[in-house]
Amino acid sequence: MNITEKSDVYSYGVVLLEILSGRSAVESQVGDGLHIVEWVKKKMGSFEPAVTVLDSKLHGLPDQMVQEMLQTLGIAMFCVNSSPVERPTMKEVVALLMEVKSPPEEWGKTSQPLIKQSSNQS
């Protein structure tokens, strides 16, 4: 395997997935020992909401922040595309990430919570 810009982009996508999910690249005790890329693909292909991929410590954050993390998750998945030709360049990744960030005054302006708080109240 040759080290190329596209392999660097893949590695960057793996790091983003680790940050967003709170998991390491391979965790034998969680996710059937799958590599994080395969684990995320499996979760997203199982009709579970994308927010289930995010670290559970993120519950309770403003909806706008969660939305930004979900957009970043999409960018990460773009980076780990199995076809190197289909992966973005790092310049494109930076441009995509710059588009994600919104100012704090925009936080909390969604109509529904993206991560529902679990409670025993009915």
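**Helix 3 and the cores around it**

This is a predicted model. Helix 3, residues 63-79, has 17 residues and spans 24 Å between its first and last C-alpha, close to the 24 Å expected at 1.5 Å a residue.

Q: What is the order of secondary structure elements along the sequence of the protein?
A: The protein has four helices and zero strands. Reading along the sequence, the pattern is α-α-α-α.

Q: How many residues of helix 3 are buried?
A: Buried here means under 20% relative accessible area. Among the residues of helix 3 that pass are Val66, Leu70, Leu73 and Met77, but also Asp63, Gln64 and Glu68. Helix 3 is mostly covered, and of its 17 residues the buried count is 12.

Q: Which helices do the buried residues of helix 3 pack against?
A: Those buried residues include Met69, Thr72 and Ala76. Their packing partners are helix 1 (5-21), helix 2 (36-45) and helix 4 (90-100).

Q: Which element gives the most residues to the largest nonpolar core?
A: That core has 20 residues, and Leu17, Ile36, Val40, Leu54 and Leu73 have the most contacts inside it. Two or more residues come from each of helix 1, helix 2 and helix 3. The top contributor, with six residues, is helix 3.

Q: Which residues does Val40 touch, leaving aside neighbours within four places in sequence?
A: Val40 is one of the residues with the most contacts inside the largest core. With those neighbours set aside, its contacts are Leu17, Val53, Leu73 and Met77.

Q: How many residues are in the other core, the one with Val9 and Val100?
A: This core lies apart from the largest one. Ile75 and Cys79 are also among its members, and the size comes to five residues.

Q: What share of the contacts between residues at least 6 apart joins residues at least 24 apart?
A: Take the contacts in the protein between residues at least 6 apart in sequence. The share that joins residues at least 24 apart is 59%.

Q: How much of the accessible surface belongs to carbon and sulfur atoms?
A: Of the 122 residues, 33% count as buried. The accessible surface comes to about 7,900 Å², and the carbon and sulfur part is 56%.

Q: Where does pLDDT stay under 50?
A: The average pLDDT is 80, and 77% of the residues score at least 70. The model does have 15 contacts beyond four places in sequence for the stretch under 50, which is residues 110-122.

Technical notes: Residues numbered from 1 in each chain as written. Predicted model: local features only at pLDDT ≥ 70, side-chain atom pairs only at ≥ 80, totals over all residues. Heavy atoms only, no water. Buried < 20%, exposed > 50% of the residue type's maximum accessible area, 1.4 Å probe, protein only. Contact = heavy atoms within 4.5 Å. Areas by Shrake-Rupley, 256 points an atom, 1.4 Å probe, with all protein chains shown as cover. Expected span 1.5 Å × (residues − 1). pLDDT = per-residue confidence, 0-100. Core = buried A, V, L, I, M, F, W, Y, C linked by side-chain atoms within 4.5 Å.
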